[in-house]
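Dear colleague,

Please read them alongside the coordinates.

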Amino acid sequence: MHRFFISLIVLFFGTLFTLSSEDTDLWLSRIETAPNDSGKVDLYVDLGKSLLEEQELAIRYIDEGIALAKSLSYRTGEGDLYNLKGVVFWQSGNLKKAIEFYEMALTLRTPGVDDSSIASGNGNIGLAYLMLGKFEKGIGFLERCKQLRRELKDEAGVAGVCNNLGLAYYYVGDFEKAISHLLESAEFQSKQGNESELATNYNNIGSICIEAEHLDQGLSYLTQSLELAEKINDMDTVASVHGNLGVIALRTERFRDAIDHYFRVLEIVGDDGQTITHVEAWNGLGDAYRGIDDLEKAAEAYDRSFEIVKDLENGLVMITTLLSLSELNFALGMKATADDRMEYFRLSAEYGEKALNLARENNAANQVESGERQLYLTYQAMGEFDQALEHHVAYKAQSDDMLNKEKHEQIAEMESKYQLVSKNREIDSLQASNQIQELRIQEQEQRVKAQRRLIFGGVAVSTLALLLVIVLWQLNQIKQRNVKNELIIQNLQTEQKVLRAQMNPHFIYNSLNSIQAFISSNESYYAEKYLSKFAALMRGILENSLYEFVPFEKELAVISHYMELEALRFKNRFRFVIEIDDDFEEDFVEIPPMLIQPFLENAILHGLKGVDDGVLKLRFEENEKEGMVVCTIDDNGIGRKRSGEMNRQQNLKKKSLATEITQRRLEVIARQTGKVGSLEIIDKAGDSGEASGTRVILKIPLSEQA
């Protein structure tokens, strides 16, 4: 995960200033002659602020002030001094000590009286935890800070903490919340005309868009940020934007452009610095040089990064650097002579193990997955197959866990909503019962008065009837919402089954075997090409699986990646052709994801089995009248009957779930859209009556928005 974020807003109080030693003597004289003791404590606070650049001297006078405040039981002054002591340690880079004193300051604050100071303390602690890589803890403190700033109606404070929360949520992978907080901050900065802060916000939003693979959107925000930063000569932001533009260049394989951007960063900040920005720039240069296969320069860049990051207390950046070194040494080992190869592999394993352990400590799921995968490849190349298998199993488990995590969260959310609706229904029923009981009591009391009883009796009956109508209507609405929620849950569960069927272990196993075969035969080009396409396919499947309907072009991209992989794996023994009807408006079509791929897989593995000149044709047409996409999958293979006989001869008892799962999904989609799709499988025959392939006709309902 790249990290060209900037502008961490420190929330400590007061204006900071520095004074000469003569001015220090003047402050001490004022303290000596102060009219009251609490005033002396406040002067110690000001003196401490003036000495922030001289840590030892600042702490000396801060401690004197703390001793005086304690003797006076002056909690406000004591809290201010502990908070200032935390600032001193923050500036010196000792974040753990800073947290310790910030927390001591918070214990001395009084809620309702010192809310502004409490907000600042929570903000400072949250930022310190972020810098230590403990993101969940940091988020908790920052959210508390934001809540207090809102209660105080401190718009500027809310904007500042939103910027930091954007950074925090970015690191834990919640890009939606990250962008939401940064946009909230940007809205305030735009209203105030704060061009510097607005440039920072746009840069940070662009950085998140890159991580979410929205490169065009990210480029748009980064361009706006760069224009503002250059206009006001904010070179820190200019450097950060160039770093992010370098990341986009890497993602789009424009490695020369990436090198230019990263050298621009180092030109601005100086190439001999010791900051996280320098680490990220050197890491980016290493990645870019690897992209153009200049491994010697890549090694130099990674080594520069590693030398810097060793002295920084930033777990996430250390993980990124260690993984890069592991991957580089593995690549060097694959190209080295037999005598040198094992030494490179040993270094790759050493860096990989350190990165994996650090990633586990910081709960960095993406980095854990990358570390397990790299160690699996490294130990396999070293011939240590037990360890390779152990890491491969862990890599697969981590990959599956990340794949299904969001689906499980969605299902849990739906279940929570269902329980809430049920609870509301119970409350509504109880309220109606209480109202009816109250009306009966009123009727009994009114029987004493004949005339009034008749009048109020009529009113009571009318009111009761109205209440019953309202209650029945509410119950009906709740019932309809329950049905809809159950439908959503059922659809999500079905999609999970389809996703697991599509990303089945058999396909992944065959893919990894193919990669291993390329590597073993020194076909590194094809191995890298296969890995790249395999990664693109996995990403596309994961992204599309989040939605019930996806744009046609996205689903077609996933299908194309899959077919390219299969063609590469089977040595191009078949041709894959996509035909799209001239009247098919693909830019405006959305279809359910992951319906088509299982039938393509059946055609390759069973229909085209043993055929050297196979042709697999995929055609799309649109039936506007029925609101359907008609998808036809046509192969010139051996047909279902012959394929079944071959499986029996080879004692294969595999059962394809494609037909069953597709029928179930079509039923669920029909209940959602009111459009009934269909699946038809036709055994083709030639003039002689022999099987000449299989044709699958799948009618897929369009989404209601399409």
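At roughly what angle do the axes of helix α9 and helix α10 cross, and within what distance do they come? This is a predicted model, in which local features need pLDDT of at least 70 and side-chain atom pairs count only at pLDDT 80 or more, while totals for chains, interfaces and linings use all residues. Residues are numbered from 1 along each chain as its sequence is written, and side-chain values use heavy atoms, with hydrogens and water left out.

The axes of α9 (residues 175–192) and α10 (residues 195–211) come within 9 Å and cross at roughly 160°; the two helices are therefore roughly antiparallel (an angle over 145 degrees). The crossing of α9 past α10 is left-handed. In the contact (heavy atoms within 4.5 Å), the α9 residues include Phe175, Ile179, Leu182 and Ala186, and those of α10 include Leu198, Ile205 and Ile208. The residues of this contact divide into 10 nonpolar, 5 polar and 2 charged.

Turning to two other helices, the 14 residues of α2 (residues 37–50) should span 20 Å at 1.5 Å a residue, and the end C-alpha atoms are 20 Å apart, which agrees. The buried residues of α2 (under 20% relative accessible area, with a 1.4 Å probe and protein chains only) include Val41, Tyr44, Leu47 and Lys49.

For α7 (residues 135–151), the 17 residues should span 24 Å at 1.5 Å a residue, and the end C-alpha atoms are 24 Å apart, again in agreement. Among the buried residues of α7 are Phe135, Ile139, Leu142 and Arg149, and α7 is followed by Lys153, whose phi is positive, near 55°.

Methods:
Axes are lines fitted to C-alpha atoms, for helices over the stretch in contact, and angles run from 0 to 180 degrees between N-to-C directions. Helices (H or I, at least four residues) and strands (E, at least two) are DSSP runs, numbered from the N terminus. Angles under 35 degrees count as roughly parallel, over 145 as roughly antiparallel, 65 to 115 as roughly perpendicular and the rest as oblique. A crossing is left-handed if the near helix is turned anticlockwise from the far one by less than a right angle, and right-handed if clockwise. Ala, Val, Leu, Ile, Met, Phe, Trp, Tyr, Cys and Pro count as nonpolar, Asp, Glu, Lys and Arg as charged, and the others, Gly among them, as polar. The expected span of a helix is 1.5 Å times one less than its number of residues. Buried means under 20% relative accessible area, exposed over 50%, partly exposed in between (1.4 Å probe, protein chains only).
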